Amino acid sequence: MLLLLLGIIVLHVAVLVLLFVSTIVSQWIVGNGHATDLWQNCSTSSSGNVHHCFSSSPNEWLQSVQATMILSIIFSVLSLFLFFCQLFTLTKGGRFYITGIFQILAESNSSQMCSYWD
C-alpha cells in the first residue's frame, strides 16, 4: 500500500513538472532566426546577437490554449494538495473521489489544448 501511495505522489509531481515545463519553455517552434512559443515570438538579426521579441498574436485559439494550460496547472496543484489532505483525513479504505475529479479536470484541459494544435 505504501508503494502505491508513493507511486501516486511521484505521478502527481511528474505531471506538475511536465505541465510547468511545457508552459514555460521558450522555444516551441524554431526556424531560421525565429523562435515561437506560447507567450511570445522572437527573432534574431542576421548577426545573431540582437533579439526582437513581441507578444504572441492575439488569435482566439492561442488565448484559449494559454487559458487551458493555466487551468491544467491550477487543477493539478489542487489535486496534489487535496490528495495530501485526504491522505491524512480519510478513514482506512476511503476513496479519493475529490482528488480524482480534479485530476480528470486537469487532464481534460490538457487534451483540449492538444486538440487545438492538431
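How many residues does the hairpin that joins β2 to β3 pass through? The legends below concern a predicted model, and the second view gives the answer.

**View 1. Four strands of the predicted model form an open sheet.** The strand order is β1-β2-β3-β4, with antiparallel pairing. The edge positions are taken by β1 (29-31) and β4 (51-55); each has a single partner strand, so one side of each lacks a neighbour in the sheet. From one strand to the next, the twist averages 10 degrees.

**View 2. A hairpin connects β2 to β3.** Strand β2 (residues 34-36) pairs with β3 in the antiparallel sense, and three bridges are found between them. Within this pairing, T36 of the chain faces N41 in β3.

**View 3. Strand β3 is joined to β4 by five bridges.** β3 comprises residues 40-44 and runs antiparallel to β4. C42 has C53 as its bridge partner in β4. T44, in turn, stands opposite H51 of β4.

**View 4. Helices α1 and α2 pack against each other with their axes 10 Å apart.** Helix α1 covers residues 2-24 and helix α2 covers residues 60-89. The angle between them is about 160 degrees; as this exceeds the limit of 145 degrees, the two helices are therefore roughly antiparallel. The crossing of α1 past α2 is left-handed.

**View 5. Residues of α1 and α2 make up the helix contact.** On α1, the contributing residues are L5, I8, I9, H12, V15, L16, L19, F20, S22 and T23. On α2, the contact is made by M69, I70, S72, I73, S76, V77, S79, L80, F83, F84 and L87. Classified by residue type, the contact of α1 with α2 contains 15 nonpolar and six polar residues, and no charged residues.

**View 6. Residues 67-90 are listed by UniProt as a "transmembrane region".** The annotation comes from an unreviewed entry. In the predicted model, the span of residues 67-90 is 96% helix and 0% strand.

Conventions. Residues numbered from 1 in each chain as written. Predicted model: local features only at pLDDT ≥ 70, side-chain atom pairs only at ≥ 80, totals over all residues. Heavy atoms only, no water. Axes fitted to C-alpha atoms, helices over the stretch in contact; angles between N-to-C directions. Parallel < 35°, antiparallel > 145°, perpendicular 65-115°, else oblique. Left-handed = near helix turned anticlockwise from the far one by under 90°. Contact = heavy atoms within 4.5 Å. Nonpolar A, V, L, I, M, F, W, Y, C, P; charged D, E, K, R; others polar. UniProt positions renumbered as here; feature names shortened; annotations may be inferred. Pairing = 2+ DSSP bridges.
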